[in-house]
Amino acid sequence: MKKRSVLIAGHPTSVSLEPEFWEAVKELAEERGMSINSLIGEIDVGRTGNLSSAIRVHVLTSLRARLITREG
């Protein structure tokens, strides 16, 4: 587990994720031409529970969509 500080809407917070999820978040942000903080900010706006869990779900959903696009 790796804890990092991020800025969400100008407010600092810390998020704990496994290194593999941090790498996936970085890749998704780069693909969209945005910063990790911006991507996490978007995830934060739509979440209903824990931020770390919301980030993991976002990564999983994004990777699933990628697979469906490649297979379809």
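**Figure 1. Charged side chains of the protein chain in the predicted model.** The protein chain carries 10 positive and 9 negative side chains. The centres of these two sets lie 4 Å apart.

**Figure 2. Order of the helices and strands.** Two strands and three helices are present in the protein chain. Read from the N terminus, the elements follow the order β-β-α-α-α. Helix α3 covers residues 51-71.

**Figure 3. Overall dimensions and surface of the protein chain.** The C-alpha trace spans about 40 × 25 × 20 Å along its principal axes. A compact globule of 72 residues would have a radius of gyration near 11 Å, and the protein chain, with 12 Å, agrees with this. The accessible surface amounts to about 4,900 Å², and carbon and sulfur atoms supply 53% of that surface.

**Figure 4. Burial and contacts within the protein chain.** Of the 72 residues, 25% are buried. Among contacts with a separation of 6 or more, 39% join residues 24 or more positions apart.

Figure 5. Apart from neighbours within four places in sequence, S52 contacts V15, S16 and L17.

**Figure 6. Close-up of S52 and S16.** A polar atom of the S52 side chain lies 3.0 Å from the backbone oxygen of S16. S16 is one of the residues in contact with S52 when neighbours within four places in sequence are left aside.

Definitions and conventions. Residues are numbered from 1 along each chain as its sequence is written. This is a predicted model: local features need pLDDT of at least 70, side-chain atom pairs count only at pLDDT 80 or more; totals for chains, interfaces and linings use all residues. Side-chain values use heavy atoms; hydrogens and water are left out. Helices (H or I, at least four residues) and strands (E, at least two) are DSSP runs, numbered from the N terminus. A polar contact is a pair of N or O atoms within 3.5 Å; within protein, one must be able to donate a hydrogen and the other to accept it, and residues adjacent in sequence count only if both atoms are side-chain atoms. Contact means heavy atoms within 4.5 Å. The radius of gyration is taken over C-alpha atoms; the globule rule is 2.2 Å times the number of residues to the power 0.38. Buried means under 20% relative accessible area, exposed over 50%, partly exposed in between (1.4 Å probe, protein chains only). Accessible areas come from the Shrake-Rupley method with a 1.4 Å probe; for residues, only the protein chains shown count as cover. Lys and Arg count as positive and Asp and Glu as negative; His and the chain ends are not counted. The place of a charge is taken as NZ of Lys, CZ of Arg, CG of Asp or CD of Glu.
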